[in-house]
Structure formats: structure tokens, C-alpha cells
Amino acid sequence: MKRFFSMYRVEQRMFFRTPDVILFCLAMPLVVFVAIAMIAGEKGAADSGLTYLQSAYVALSTVGICCCAFMSIPITVVELRSQGILRRMYCSPCSPARLLACDTLSSGVVAALSTLLLSVAAFVFFGCRLPGNALIYIAAWLLTLVSMFSIGLMVASLCRSTKSMNVATSLLYFPMLLFSGATIPAEVFPAGMRAVSGWLPLGVGIRLLKSVALGCYDNIVLPVAVLAAIATTCGAVAVKTFRWE
């Protein structure tokens with residue numbers, strides 16, 4: 001356990017030294033939230049039952065998850081494999097599985113920090129309040145994180161080169177970020193586009209979080225089942241197809 005946390009501290013430091021992490025995971029959600037809060041604020045977000053302030057908080061709390069799941073995890077794993085680092089570590093005392101676990105944990109910490117900073121801005125400075133249960137909301141957020149990370153790990157397992165990984169992550173990251181309602185409020189989408197966004201994997205997570213934020217627990221069974229199925233299926237594929245070299 002001591003070796004694990006020693007490696008984790010190194011991975012976490014390296015993570016925070018990456019400019020993309022600071023820009024896309026930490027800064028961007030705050031900037032977009034402040035802009036939406038100042039423009040729309042307490043106006044009702046269509047027929048969602050939430051204000052634009054509340055809707056923006058819920059949606060932007062998933063941006064850190066999206067960035068880490070579809071960019072950080074696959075890029076790190078595939079680059080380590082292509083450079084032969086995982087192969088050289090395979091028979092060493094420093095297990096590559098430990099390295100991958102540390103990388104995944106550090107990504108989760110960054111995603112949580114992104115949501116924490118957003119929460120401070122929303123609840124302390126803008127007075128945002130959500131009627132739902134906070135503990136259930138955290139559980140729903142964690143389920144969303146696990147399911148999205150499982151997709152990222154599956155991509156990392158299936159992609160054998162950095163070129164294929166770049167294509168796969170781009171096809172996942174940008175549609176998820178732009179069309180799932182994570183950055184642009186889904187309430188402003190046309191009806192057809194809103195229906196599509198609700199069935200993107202990240203869109204399912206956002207829909208679950210908005211239902212929990214409203215305290216409408218009758219509507220969470222299907223999103224929970226979908227996210228659990230994604231986590232189980234993609235996790236199984238990631239384990240089955242993973243290669244050290």
C-alpha cells in the first residue's frame with residue numbers, strides 16, 4: 001500500500017503539471033458557469049423544472065469526468081504502451097497494473113476537484129440550491145464517473161496505436177462535451193437534438209443527475225440501469241482486450 005501511494009503521488013503531481021488539465025478540467029467549467037449565471041441566472045430552463053443556474057451546475061459538474069475519461073486515461077495508457085513502458089514494467093516489482101490504477105485514481109481526483117471548485121462557486125458565490133438529496137446526488141455522480149471511465153479504459157485497451165487512439169478519443173470527447181448538454185445547456189437544444197443528447201452516455205448521466213437534483217427519484221431507474229450496463233460491459237471489454245504491449 002505504501003508503494004501504491006508513493007506512485008500515486010508522483011502520478012498526481014504529473015497530472016497537475018499538464019496545462020490541458022488546468023484549462024479544460026478546472027478552468028473551463030468555472031468560466032462557462034459564471035457566464036451562464038450572469039446571462040440567464042434564475043430564469044427557468046425550459047420545462048426542466050430547474051433554473052439555468054441549477055441546470056448549468058449539474059451539467060458542468062460532469063465536464064471534469066468527460067475530460068479525464070475520454071482524453072486523459074486513454075492518452076496516458078496508449079502512450080505508455082507504445083513507448084514500451086508497460087512491457088518493461090510487466091516483470092518488474094513495479095507492477096503496470098499499479099501504474100494504471102494510480103493513473104485512474106489521479107484522474108478521478110481531478111474530476112472530483114473540478115466538481116468541488118464548481119460547487120464552491122455555485123453554492124457560496126451564486127447561492128445555488130438544489131432540492132434533491134446531496135448524498136444521492138454524490139452517488140449518482142460517482143456512478144456517472146465509473147461508467148465514463150470504463151469507456152475510457154475500453155478505448156485504451158482496444159487502441160493499439162496513438163493514431164487510432166487520437167481518432168477514437170476525438171470521436172468520443174467532442175460530441176460528448178458539446179452535444180450531451182455538458183457545456184451548452186440541453187434546454188436550448190431543438191427537440192430532436194435534445195432527445196439525441198439524452199441518449200449519449202454522458203447525456204444519460206446528466207439526465208440522472210438532473211432528476212436527482214430535482215428530487216424526482218421515480219425517473220432514475222432507467223438511467224441508473226443504462227449507466228450500470230455501460231460500466232459492466234465496457235469494463236469487461238477493457239479487461240478482456242487489454243494488452244501490455
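Modeller: Helices are DSSP runs of H or I with at least four residues, strands are runs of E with at least two, and both are numbered from the N terminus. The model is a predicted one, in which local features need pLDDT of at least 70 and side-chain atom pairs count only at pLDDT 80 or more, while totals for chains, interfaces and linings use all residues. Residues are numbered from 1 along each chain as its sequence is written, and side-chain values use heavy atoms, with hydrogens and water left out.

A pocket is found on a 1 Å grid over the protein atoms alone, as an open set of points where a 1.4 Å probe fits, with protein on both sides within 12 Å along at least five of seven lines. Lining residues are those with an atom within 4 Å of a point. The volume is the space filled by probe spheres set on the points, which are joined across faces, edges and corners.

By these rules the largest pocket holds about 600 Å³ of space. Its lining consists of 23 residues, and the closest to the centre are Thr-18, Val-21, Ser-72, Ile-75 and Thr-76. At least two lining residues come from each of helices H1 (2–16), H2 (19–39), H4 (63–82), H6 (96–125) and H8 (162–179). Helix H4 gives the largest share, with eight residues. Sorted by class, the lining comprises 15 nonpolar, four polar and four charged residues. In this sorting, Ala, Val, Leu, Ile, Met, Phe, Trp, Tyr, Cys and Pro are nonpolar, Asp, Glu, Lys and Arg are charged, and the others, Gly among them, are polar.

Buried means under 20% relative accessible area, exposed over 50%, and partly exposed in between, with a 1.4 Å probe and protein chains only. A nonpolar core is a set of buried Ala, Val, Leu, Ile, Met, Phe, Trp, Tyr and Cys residues joined through side-chain atoms within 4.5 Å. The largest such core has 65 residues, of which Phe-33, Phe-70 and Met-148 touch the most other members. H4 supplies the largest share of this core, ten residues. Apart from it lies another core, of five residues, including Val-78, Cys-159, Met-165 and Ala-168.

Phe-70 belongs to helix H4 and counts as buried, at 1% relative accessibility. Contact here means heavy atoms within 4.5 Å. Not counting residues up to four places away in sequence, Phe-70 touches Met-148, Ile-151, Thr-169, Leu-172, Tyr-173 and Met-176. Phe-70 and Met-176 are 106 residues apart in sequence, yet their C-alpha atoms are 9.2 Å apart in space.

The cysteines deserve a separate remark. A disulfide is a pair of cysteine sulfur atoms within 2.5 Å, and the count by this rule is zero. Cys-68 is buried at 1% relative accessibility, and Cys-102 is buried at 0%.

Ser-61 is buried, with a relative accessible area of 0%. Leaving aside neighbours within four places in sequence, Ser-61 is in contact with Thr-115, Leu-118, Tyr-137, Trp-141 and Leu-209. Leu-60 is part of helix H3 and is likewise buried, at 1% relative accessibility. Under the same exclusion of neighbours within four places, Leu-60 is in contact with Pro-29, Val-32, Phe-33, Leu-118, Ala-182 and Thr-183. The C-alpha atoms of Leu-60 and Phe-33 are separated by 7.2 Å, although the two residues are 27 places apart along the chain.

Two other residues are partly exposed. Ala-97, in helix H6, has 39% relative accessibility and counts as partly exposed. Met-193, in helix H9 (residues 191–197), is partly exposed with a relative accessible area of 30%.
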